[in-house]
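The sequence and structure come first.

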Amino acid sequence: MSLPPDSLRKSASIAASRPSTSRNPIRSLASMPPKWLHMYADFITKNAHQVSQIESALRSLTYIIPGRFRDAEIASETVHSGVQLLALYHDALLRNALTKIPSFSAPRIPGPHARYTTFWTAKSSLYRRVALLLQIIQYTELLWEMAAKRRGEKMRWRVVIVLEAIKAVCRLLLMRITSSRPLVTPPLPEREPIPTEEDDQSDEDALRELMGEESSSSGVNGSAKAPHEKEWSMPRTKSSLPSLPDPGDVSSYLQSRVLTADDIKPAAKLLNTLSRSGQAAEILHILSPLVYAAALSQSKDKKSWAPWVIGLSIEYTARQLRDRGFRSTSLEQEEWGKRYWAAGWWTMRGAFYENVTKGLITGVRRRMPSLVSGILEDYEYLWDNYYFSTSA
């Protein structure tokens, strides 16, 4: 039985007006990744503490796996670099989440490093991109060196010098963007903790205790916070009263509520602009790894002292030229403290390692239990064969 022409045209027009999801699967597939990323970001934000613990566990696992560097060096270093890059992505997600919590930034004053790096990442998109590139290179440089070594020593040293050159250019750009201020480590803000639901319930529990009722936290956990650890929000005005001090620790309570000079300074003033000698010191500090890597690549004897002396001399000159005035800030002192500790890696590099440190480590390893000596032996293989294993 055939349908009349009018009904055929009507059914065709109805079919054409329906959404053609089956005809265009590409559009539906293209809309799925943003949804997955949003769901993943929401999961990371709600479980920030657990995610941090998992990241730390994975890093520790890649550090202590016996035979990590000899049998599957690229695979294990890929896992380690992947965890570092994933943590960098998680840091960005958590920073975005914290900006959407207005009550979080008010009572808590971030440290000088967090204020300084947050200011520049918000002010300059170029600073944010260059700092991100620098951290990505630092997290993956050893992996690049391992991959290049499979194509020979000549290719390995080319990759090392290129990576050191890129890092030097990034640091010089950061110094230029910040108007000749010292570099900070790391150049991006570090992870801040996300306030938990327990913090949100503290006001409600304090009010219930004041009214003589049992707080919800004591019913669930079996123990309630002390009165001096709670803040109380007034029911009508919603204004919050500060928590009371512990009678046995009044001095710590007062110190936690005192603003220091760095707390009221503008973020850009947390590091002073360098003088000419200070700029020269910073440039020497930036170029020192590149010069050392270039000198080491030209040396045919691993026990030769020339590259090590050249690199250490540049670093020492930079320290002598740095600004030492009374106007140095706490952030600047903190950064130079990190650099002094990082200078200890010079005992694990070049001729000093081959002639001095290696023998000491071998002697210590022979007196250790088998498990510890096995891990030390794997690290000796790493220190003997890869430049970036001891690069600061």
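Lys-358 and Asp-384 form a salt bridge through their side chains, with an N to O distance of 3.6 Å. A salt bridge here is a side-chain nitrogen of Lys or Arg within 4 Å of a carboxyl oxygen of Asp or Glu. Lys-358 sits in helix H17 and Asp-384 in helix H18, so the pair links distant parts of the chain, 26 residues apart. Helices are DSSP runs (H or I, at least four residues), numbered from the N terminus. The model is predicted: local features need pLDDT of at least 70, side-chain atom pairs count only at pLDDT 80 or more, and totals for chains, interfaces and linings use all residues. Residues are numbered from 1 along each chain as its sequence is written, and side-chain values use heavy atoms, with hydrogens and water left out.

Lys-358 has a relative accessible area of 26% and is therefore partly exposed. The classes are buried (under 20% relative accessible area), exposed (over 50%) and partly exposed in between, with a 1.4 Å probe and protein chains only. Lys-358 and Asp-384 also belong to a network of salt bridges with Lys-302 and Glu-354.

A further salt bridge joins Glu-380 and Arg-365, whose closest N and O atoms are 2.5 Å apart. Because Glu-380 lies in helix H18 and Arg-365 in helix H17, this pair ties together parts 15 residues apart in sequence. Both Glu-380 and Arg-365 are buried, Arg-365 at a relative accessible area of 18%. Apart from neighbours within four places in sequence, Arg-365 is in contact (heavy atoms within 4.5 Å) with Ser-373, Leu-376, Glu-377 and Glu-380.

The structure has 12 salt bridges. One of them pairs the side chains of Lys-167 and Glu-141, at 2.9 Å from N to O. Lys-167 is in helix H9 and Glu-141 in helix H8, so the bridge ties together parts 26 residues apart in sequence. Lys-167 is buried at 1% relative accessibility, and Glu-141 is buried at 6%.

## Nonpolar cores

A nonpolar core is a set of buried Ala, Val, Leu, Ile, Met, Phe, Trp, Tyr and Cys residues joined through side-chain atoms within 4.5 Å. The largest has 23 residues, and those touching the most other members are Leu-142, Val-160, Leu-382, Trp-383, Tyr-387 and Phe-388. Helices H8 (125–149), H9, H14, H17 (350–366) and H18 (370–385) each give two or more residues to this core. A second, separate core of 20 residues includes Tyr-116, Val-184, Leu-188 and Leu-270.

Beyond its neighbours within four places in sequence, Val-160 contacts Glu-145, Ala-293, Tyr-387 and Phe-388.

## Thr-178

Thr-178 is placed in the loop between helix H9 (153–177) and helix H10 (197–210). At 3% relative accessibility, Thr-178 is buried. A polar atom of the Thr-178 side chain lies 2.8 Å from the backbone oxygen of Leu-174, and this side chain reaches the backbone oxygen of Met-175 at 3.3 Å.

How values were computed. Polar contact = N/O pair within 3.5 Å; in protein donor to acceptor, adjacent residues only side chain to side chain.
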